[in-house]
Amino acid sequence: MTMTPFDAETEFDRQVDHLVHLGYPALAGLPETAFRNLVAPLRTRAVDGAAGLPAPTDARVPFLLVVTRDLVGVPERLGLTTLTGKRKPGVLDRNYAEDDLPRFDPIKELEVPAGPAYLLFDVDRGEEFRNLAPATAMEGITAQGRLPLTIDEGLAFVTLHPAALASNRCFSLVGSRCGDKRVPALWISQGAPKLGWCWYGNPHTWLGSASARPERVGLE
């Protein structure tokens, strides 16, 4: 059977269409056309950056269109995530205090572009780091010349590729920290995605650490 070549333009359009279908423009306070125009400059950059990368799989995708908390809040985006074939919306773990989420910022190594949206390339859910503490996984990620994902990027991964989050295939988001030993993570609870946190030094058999290529491409 002949495999269909990966078409980055088609994939970019699919991601934008999916965000529109979920209601991102309204959550951002924008008409649909304005939302599409906002992210449109990233289309060509997605094609250029994805050159030579394979088609998406459950574990690894060539690129993600990441919407940041500057445009739509974390709880709102989390509530629009679902598991493959399921309808229950994603939830925030009760162990987050009321004002916790704004404190989790990207670590300085990431150099995340300022603004409402950007592109992330060669994204992997990090299965090889299951049963390794995030601290140990971070060493492995950097040894590969890669960097960890943030909360915004993890939400984009699960939103645009729901199959990335599966039983025993969940992942930490070591790229977002708040100055203590907590590490955000996405896992499954009662048939829905859950954004929780684990300790930087604690391993879990079902939890890997997601990563991507270092470069992130913004709108400017």
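This is a predicted model: local features need pLDDT of at least 70, side-chain atom pairs count only at pLDDT 80 or more; totals for chains, interfaces and linings use all residues.
Strand β1 provides the largest share of the lining, 3 residues.

Next, select β1, residues 60–67, together with α7; each of these elements also supplies at least two residues to the lining of the largest cavity. A search of the whole structure finds 2 cavities of 30 Å³ or more, and the largest has a volume of about 40 Å³. Its lining consists of Leu19, Tyr24, Leu65, Val67, Arg77, Asp152, Leu155, Ala156, Thr159 and Leu160. Which element gives the most to this lining? It is α7, with 5 residues. By class, the lining of the largest cavity divides into 7 nonpolar, 1 polar and 2 charged residues.

Colour α5 (74–78) and α7 (151–160): each contributes at least two residues to the pocket lining. That lining divides into 11 nonpolar, 5 polar and 3 charged residues.

Now turn to the sheet. Select β2, β9, β8, β6 and β10, which in that order form an open sheet of 5 strands with mixed pairing. Why is one side of β2 (91–92) and of β10 (207–209) left without a neighbour in the sheet? Both strands stand at the edges and each has a single partner strand, so one side of each has no neighbour there.

Within the sheet, examine the pairing of β6 (residues 170–172) with β10, which is parallel and runs over 3 bridges. Select Phe171 to find Gly208 of β10 standing opposite.

Two helices complete the tour. Helix α6, residues 134–143, packs on the sheet and touches β6, β8 (182–189), β9 (192–199) and β10. The direction of α6 makes about 40° with that of β10. Finally, return to α7, which packs on the sheet as well, touching β6, β8 and β9. The direction of α7 makes about 15° with that of β8. With α7 still selected, recall that this helix supplies 5 residues to the lining of the largest cavity and at least two to that of the largest pocket.

Methods
Residues are numbered from 1 along each chain as its sequence is written. Side-chain values use heavy atoms; hydrogens and water are left out. Helices (H or I, at least four residues) and strands (E, at least two) are DSSP runs, numbered from the N terminus. Ala, Val, Leu, Ile, Met, Phe, Trp, Tyr, Cys and Pro count as nonpolar, Asp, Glu, Lys and Arg as charged, and the others, Gly among them, as polar. On a 1 Å grid over the protein atoms alone, a cavity is a set of points where a 1.4 Å probe fits but cannot get out, and a pocket is an open set with protein on both sides within 12 Å along at least five of seven lines; lining residues have an atom within 4 Å of a point. Grid points are joined across faces, edges and corners, and a volume is the space filled by probe spheres set on the points. Two strands pair if DSSP finds at least two bridges between them. Contact means heavy atoms within 4.5 Å. Axes are lines fitted to C-alpha atoms, for helices over the stretch in contact, and angles run from 0 to 180 degrees between N-to-C directions.
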